[in-house]
Amino acid sequence: MKSKPKAGIRQLPMMPIRDVVIFPHMMTPFVVGRESSVLALEEALNTEKKIFLATQHDASVDDPTPDQIYQVGTIVSIVQSLKLPDGNIKVLVEGVERASLHTVTQQEGFYRATVKVHPARPVPSEKTEALNSRVTSSFEHYVKQSQNLNYETMIAAVRVDDPGKLADTVGANLQLTIPEKQDLLEIFDPIDRLTRVAEVLDIELEKLNVDRTIQNRVKRQMEKAQKEYYLNEKIKAIQKELGKGEKGEYEELRKKIEDAGMTKDAKEKALSEMKRLENMPPMSAESTVSRNYIDWLLAVPWKKKSREIRDLGFAEKVLNEDHYGLEKVKERILEYLAVRRLVRDPRGSILCFVGPPGVGKTSLGKSIARSTGRKFIRLSLGGVRDEAEIRGHRRTYIGALPGQIIQMMKKAGTTNPVFMLDEIDKMSTDFRGDPSAALMEVLDPEQNHMFVDHYFDVEYDLSKVFFIATANVLFTIPAPLQDRLEIIRLSGYTEYEKLEIAKRHLIAKQLSAHGLKKTDIEFTDPGILALVEEYTREAGVRNLEREIGNICRKTARKVVSRAKKEKKKKIVVKPEALSDLIGVPKYRDLRAEKKNQVGAAVGLAWTEVGGQLLTIEATLLDGKGKFTTTGKLGDVMQESAQAAMSYVRSRSHTLGLPKDFYRHLDVHVHIPEGAIPKDGPSAGITLTATLVSALTRVPVRGDVAMTGEVTLRGKVLSIGGLKEKLLAAHRHGIREAIMPKDNEKDLPDIPALIKKDMKLHFVGHMDEVLTIALEHPLEGLAAPSAPPPAVEGTTSGAEEKLPH
């Protein structure tokens, strides 16, 4: 049994210290600033340079009383002292031995303490050596894993045999709290103290191991986004510790919600979500969802709008600068602006530009935005087949987002942009829903002021938006959606309109794009017209612009490769120069082919890219009355051919044919370009004229084009797409056309140039068609009715019937 050491009693100056526990054998620097502490330190320096240091309970107390100081401290030796300019003293002390406080008196402004010293001299044993070895080994592992301690210095410090000194050295360097270190200081028995240090060391090692495991796992799993999130959360935690926290951020969000100008329901929803967000842990997935929702509500415009230009003169000037022709479209836009001047807040209009590619539908929307001073946004609907693209996903789905309508409104940043819905005729439908049905809510003026996106789940006002849809055809757009649109047709341009567009817009654009000047190249009017007729037969001007760009590229190469000394020579684009610049013509001159032929007639057809000529041929063979049609004809066109044959048979006597002519003949009707599908009833009169010509051997005039549906009684019915068909005929050099009398009402919509250059026949019966179309009239047919007088003036882009 060990003998208990006798305690020694000493009187020393006493200094209370803050936020540090000093162990024996440890060198510790600190600054002394309190007046009582300075006096105690000076007393110690004047005597034996020994002072008693004890830690105070509360570091915030400037003048602690004896009962506010721990009862166990350390007697230290003052190694160095340095008086600083501000009156403080910087000292370096070395712990000598621990002591317990017996009595305290205050003399001359500082404390003088009577302390008991408890020296301990343990007897070495195998248990002590094992404990020493265990603590030394554990501390080595601790130092290796800790980033705050120097490995070599610490290992040298703990290579001691004295268990008390070892316990004090290790305890002083562990990351412990002040109460935990004070507990170690108050253990006087070295073996007990070393045992306690071993226990604490095991706990600290376990903490380090867990922390290292977590850090390694996070490091392996963390990608860039996770790293940013982790750092943001650390910043929040630091701000919270500094007293800034998330409270300020939440207050800022609340202020933004108050100032956003939301509707009552949206504001209530946002504030409710804010309350939920404040009560959630910042690291939870739900908080991210709520924060994203609030950010989206704040991102869309609720009250900000563009200052609208309502000056009709300015709008007309902008539209005329950007587009040539399109008078009806411009007229409709100016009417809209006039209404805006008279009515302060009218409902938004929904226009739909329908026409072939390249006629300027999208660019017209940009001009409308510029003329009205609004923002312009465009959403392409081609290939969209998911209803969620329009209305968004519900927030219950992972990664949910608002629909494209709300996203585009966020991009616009105002409540009244010009919103172009491009390619509305090319949407699809599958098991995920019908996007065209979702669009009906967007494009209905009676409903779009309370549009509900699935993600927002609150009403959003779209009534101030000027919606413009574009389409190539109407028959793929559902009827209920068509009912909500104001259809404006852009049929195409005549050759002379294309000439003006090229001179005003396309040439300047391509010269700028290719770095050319007007001194490098000159386009003549005949050259441009030859380019239009022989290289770019289309309704729009897209291919024309492409060919002009092709010429500019050839010119740019010549300009760059030209020698410096060589005289600068301007390239003049004339008809005869086109083949050298861009190759042989792509289209033949049909004017040279317009000769009268037996069993061949020229019809007019409507396609998605504008009007086209349709040549129909018929031939007779010996046979037994078989009737054949080829050329990939649709059901309706095949039925038209059957009706035409029935009409001819019923009128065989009038036409001078034997009553049973069909019994000994096979009739074959063919429409060239057999790979292209063809359908519709408007080729009825052309089919009939072809059959009559083949049977009577009377040629059909090659300079006349015709279109119209025919009945079994020979009556000619109206057709659609008249303007496009006449543009196609004029484009191919045909100057005479036959049309149904019921289409005479469409005459004001035909461009003045067409009415001036072409002779138009409006007929009501097939007999009239044959009288005009055949090279010489057949006996027994009625005389043709006189064509109506041409109507002066033109209205471009007229609304017409759907094509048959």
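Modeller: A crossing is called left-handed if the near helix is turned anticlockwise from the far one by less than a right angle, and right-handed if clockwise. Please bear in mind that the model is predicted.

Colleague: Which hand does the crossing of H2 and H4 have?

Modeller: Helix H2 covers residues 126-145 and helix H4 residues 163-173, and their axes lie 11 Å apart at an angle of about 20°. Since angles under 35 degrees count as roughly parallel, H2 is roughly parallel to H4. The hand of their crossing is left-handed.

Colleague: How are H9 and H10 oriented, roughly parallel or roughly antiparallel?

Modeller: The axes of helix H9 (residues 264-279) and helix H10 (residues 285-299) are 10 Å apart, and the packing angle is about 150°. Angles over 145 degrees fall in the antiparallel class. H9 is therefore, relative to H10, roughly antiparallel.

Colleague: How many charged residues are there in the contact of H9 with H10?

Modeller: H9 contributes Ala-266, Lys-269, Ala-270, Glu-273, Met-274, Arg-276 and Leu-277, while H10 contributes Glu-286, Ser-287, Ser-290, Arg-291, Tyr-293, Ile-294 and Leu-297. The contact has seven nonpolar and two polar residues, and its charged residues number five.

Colleague: What is the orientation of H18 and H20 to each other?

Modeller: Helix H18 (residues 495-513) and helix H20 (residues 542-561) have axes that come within 10 Å and cross at roughly 45°. The crossing is right-handed. At that angle, H18 and H20 are therefore oblique.

Colleague: Which cysteine of H20 meets H18, and is this residue buried or exposed?

Modeller: From H18, Lys-498, Ala-502, Leu-506, Ile-507, Lys-509, Gln-510 and Leu-511 meet a set in H20 made up of Leu-544, Glu-545, Ile-548, Gly-549 and Cys-552. Because its relative accessible area is 0%, Cys-552 is buried. The cysteine in question is thus Cys-552, and its state is buried.

Colleague: How many disulfides are counted?

Modeller: A disulfide is counted where two cysteine sulfur atoms lie within 2.5 Å. Cys-352, at 0% relative accessibility, counts as buried. By the distance rule, the number of disulfides is zero.

Colleague: What separates the C-alpha atoms of Lys-181 and Val-21?

Modeller: Lys-181 belongs to helix H5 (residues 178-185) and is buried, at a relative accessible area of 14%. Setting aside residues up to four places away in sequence, Lys-181 touches Val-21, Phe-23, Gly-171, Ala-172, Leu-174 and Leu-176. Lys-181 and Val-21 are 160 residues apart along the chain, yet the separation of their C-alpha atoms is 6.6 Å.

Colleague: Is Thr-414 buried or exposed?

Modeller: Thr-414 sits in the loop between helix H15 (404-412) and strand E9 (418-422). Beyond its neighbours within four places in sequence, the residue is in contact with Pro-301, Lys-304, Lys-305, Ser-306, Lys-375 and Met-409. With a relative accessible area of 2%, Thr-414 is buried.

Colleague: How many residues of H26 are buried?

Modeller: Helix H26 covers residues 766-773 and is mostly covered. Its buried residues include Asp-767 and Glu-768 as well as Val-769 and Leu-770. Of the eight residues in H26, the number buried is eight.

Key. Residues are numbered from 1 along each chain as its sequence is written. This is a predicted model: local features need pLDDT of at least 70, side-chain atom pairs count only at pLDDT 80 or more; totals for chains, interfaces and linings use all residues. Side-chain values use heavy atoms; hydrogens and water are left out. Axes are lines fitted to C-alpha atoms, for helices over the stretch in contact, and angles run from 0 to 180 degrees between N-to-C directions. Helices (H or I, at least four residues) and strands (E, at least two) are DSSP runs, numbered from the N terminus. Angles under 35 degrees count as roughly parallel, over 145 as roughly antiparallel, 65 to 115 as roughly perpendicular and the rest as oblique. Buried means under 20% relative accessible area, exposed over 50%, partly exposed in between (1.4 Å probe, protein chains only). Contact means heavy atoms within 4.5 Å. Ala, Val, Leu, Ile, Met, Phe, Trp, Tyr, Cys and Pro count as nonpolar, Asp, Glu, Lys and Arg as charged, and the others, Gly among them, as polar.
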